[in-house]
Every structure is written in structure tokens, then in C-alpha cells.
Amino acid sequence: MADITLDCGSLLSSTCVPNIFIDKYMTNANGEFVKIYLYLLRCMDQSRQTCSISELADVFEHTEKDILRALTYWEKMRLLHMEYDADHEVSKISLKLPTADALPPAAPAPKNTSGSSSFSYTLEQLEEFQKDEGIQEVLFITENYLGRTLNSTDIQTILYWYDNLSFSTELIEYLIEICVSNGHTSLRYMDKVALSWKDAHITSVEEAKREHRMHHQDVYAVMKAFGITGRSLISSEVQTIQKWTGSYALSMDIIKEACRRTIQATGKPSFEYADTILGNWHKQDVHTLNDILKLDAAHQKSRSAAKSSDLSKRSCNSNRFNNFPQRTYNYDQLEKQLLNTTH
């Protein structure tokens with residue numbers, strides 16, 4: 001093949017990328033992770049030298065979780081160090097000069113940014129993991145629950161929970177048990193549950209049981225408010241409820257009120273309609289039912305004012321036709337004139 005000539009053109013500025021990063025780090029890293037690292041280098045070249053997780057998420061159209069996974073990977077690779085504030089949020093990122101000595105041996109190579117599939121273990125690492133009696137037991141129990149032999153992807157997923165999410169073997173067993181008991185035998189589904197537990201800082205079986213009870217209570221409460229019987233909620237509906245109770249941090253009283261208004265307006269349960277209501281309430285900082293009453297009152301006042309203004313305009317337009325001087329007629333005189341003209 002012919003050589004390709006590269007022309008830098010008239011670039012006004014540039015970001016320096018160490019050659020060792022390209023030679024030793026970039027080749028084994030996920031492309032999205034590389035983009036984020038390069039963007040951090042670019043930010044360092046700017047005078048402000050500041051950015052945020054949300055800003056990075058917006059730039060790359062990722063979730064904040066995806067950005068944090070990328071940063072965690074580069075921290076494992078010793079190319080940066082993260083510091084946290086009192087709320088356990090990233091407050092500072094210090095980039096380190098990549099060196100051959102700093103490269104961790106046999107580090108897991110990320111494939112993409114989705115859960116356990118972000119990491120891939122070497123054959124030597126897999127053999128080392130499976131020497132652990134606890135891991136052997138977890139794999140054996142999982143095969144019994146699923147009723148089949150685990151493939152390499154299944155094993156990679158379980159090891160990811162153990163090694164990267166720092167789940168104990170007891171917590172992994174409970175995760176598999178609770179998912180299978182609810183009819184979910186897919187490791188991909190279990191992986192999503194595992195990531196949600198990690199985000200919720202769940203580290204023990206007791207905490208997982210507590211979260212599971214709360215989750216089921218929330219789902220049952222919404223189903224009851226909507227009058228849904230005879231079927232289970234689909235995954236997207238459950239995720240919507242989790243958004244209401246998690247991201248929006250709304251109480252169940254407020255969620256039930258949105259469900260009531262949804263039925264009143266549409267005549268049927270609609271998660272999309274209720275989500276619109278709750279999304280608006282979340283934006284308007286609603287925390288109590290009393291907050292909703294205040295919004296209703298303000299809305300009604302606004303509507304009344306608009307209606308009053310509309311009536312005033314109509315009245316004004318109507319009066320335009322009455323502003324002309326009114327004529328008066330002598331009908332007897334008109335009749336005589338008419339008779340005279342006929343003779």
C-alpha cells in the first residue's frame with residue numbers, strides 16, 4: 001500500500017501527547033476512554049484548567065457514569081489521580097506523565113463503556129481467579145441457578161463484579177438468586193443490577209435486601225396507583241420508577257398524585273404522561289404535596305388573569321362598532337316623502 005502523507009495545515013494551537021501514551025497505553029484502551037483522556041490534556045492546555053463530569057458527559061454525549069468509568073480506568077493505569085470532596089464527588093484530577101515503568105502489568109483492557117464488558121481478563125488472570133475457592137463456589141452456584149454451563153463471557157462478567165465492583169462472593173450469590181427468582185436469567189440484566197448497586201454504594205447482602213424491599217414497594221405502589229393488575233411491569237417502566245424515586249428523589253405521595261392526574265387526564269395508565277408531570281415538578285423543585293397545591297394555585301391565577309385579559313380585548317373590539325355617532329330617524333316624515341315620490 002502507498003504511504004499516506006500527513007499535512008498539519010495551518011493549525012493555530014496544539015495539544016502535546018507523549019509518544020509513550022500512543023505506544024504503550026492507547027493501543028489497548030477503549031477508543032472512548034482515549035478520547036476522554038485526550039480531552040483532559042486539551043483542558044490542561046487551556047488557561048482555565050477546569051472542567052466537570054457533567055461537562056465531559058455533554059461533550060461526548062455519554063452518561064456521567066461512563067465518564068467516571070473512563071477516569072477510573074486511567075487511574076488504574078496510573079495516568080491520573082482523582083481527589084474527592086465531602087460529598088464523594090470528584091473535585092480534582094491530577095494528570096501524571098506516562099512512563100513505561102508506571103504501566104501496570106497485565107491490566108484489564110477495556111472493550112467498551114457498558115458494564116462488565118468494559119474489561120477483559122487474560123487467560124492467566126482467569127486461571128488465577130479460579131484458584132480462589134470462593135470464586136469456584138460462586139461459579140458452581142451460578143451454573144446451578146441458570147441450569148447451564150457458564151461460557152467465557154459469563155465468567156468474565158462475574159469476575160468483573162468481584163474484582164472491579166469489589167462485591168463479596170456472598171453479595172454476588174444474592175444478586176444471582178434475586179434476579180433468577182424474578183425470572184431474569186440473563187447475565188446482561190444482572191450486570192445492570194450490579195452497576196446500580198455499585199452506584200447506590202451497596203456493599204453487603206443486608207443493604208441489597210433493604211434496597212430490594214424498597215424497590216418492590218415502590219413498584220407495587222405505582223402499579224396500585226395506576227390500577228395495573230394481571231401483568232408485571234416491563235423493564236423500561238421499572239427504570240422510569242427508579243428515575244422518579246432516585247434521580248428525582250420524589251416521595252411516593254407525589255408520584256401517586258402524578259399517577260392520579262394521569263388517569264384523570266388520559267383515562268388510562270401512562271408512564272410517559274406521568275413522567276412529563278413529574279419531570280416538570282422536579283424542575284420546579286417540588287418536594288411536598290403542598291408545593292403542588294401552590295403550583296396549582298399559581299397556574300389557576302395565571303389562567304384567570306389570561307381569561308380576564310382576553311375578555312377585556314373582546315369587549316374593546318366589540319365597542320369599536322358602537323363608537324360611531326348613532327343616527328335617529330323620523331319614520332313619519334320618511335313615509336310622507338316616500339308617498340310624495342310615488343305620485
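Reply: Phe21 and Tyr25 are both buried, a term that stands for under 20% relative accessible area, with exposed meaning over 50% and partly exposed the range in between, as computed with a 1.4 Å probe on protein chains only. The model is predicted, and local features therefore need pLDDT of at least 70 and side-chain atom pairs pLDDT 80 or more, while totals for chains, interfaces and linings use all residues. Residues are numbered from 1 along each chain as its sequence is written, and side-chain values use heavy atoms, leaving out hydrogens and water.

Across the whole structure, a search finds eleven aromatic pairs. In one of them, the ring centres of Phe21 and Tyr25 are 6.3 Å apart and the planes stand at 10 degrees, so this pair is stacked; rings of Phe, Tyr and Trp (its six-membered ring) pair if their centres lie within 6.5 Å, and planes under 30 degrees apart count as stacked, over 60 as edge-to-face and the rest as tilted. Both residues belong to helix 1 (residues 19-25), where Phe21 and Tyr25 are four residues apart, about one turn of the helix; helices here are DSSP runs of H or I with at least four residues, numbered from the N terminus.

The rings of Phe226 and Phe271, with centres 5.2 Å apart and planes at 65 degrees, are therefore edge-to-face. Because Phe226 lies in helix 10 (residues 205-226) and Phe271 in helix 13 (residues 271-283), this pair ties together parts that are 45 residues apart in sequence. Phe226 counts as buried at 4% relative accessibility, and Phe271 counts as buried at 7%.

Notes
Helices (H or I, at least four residues) and strands (E, at least two) are DSSP runs, numbered from the N terminus.
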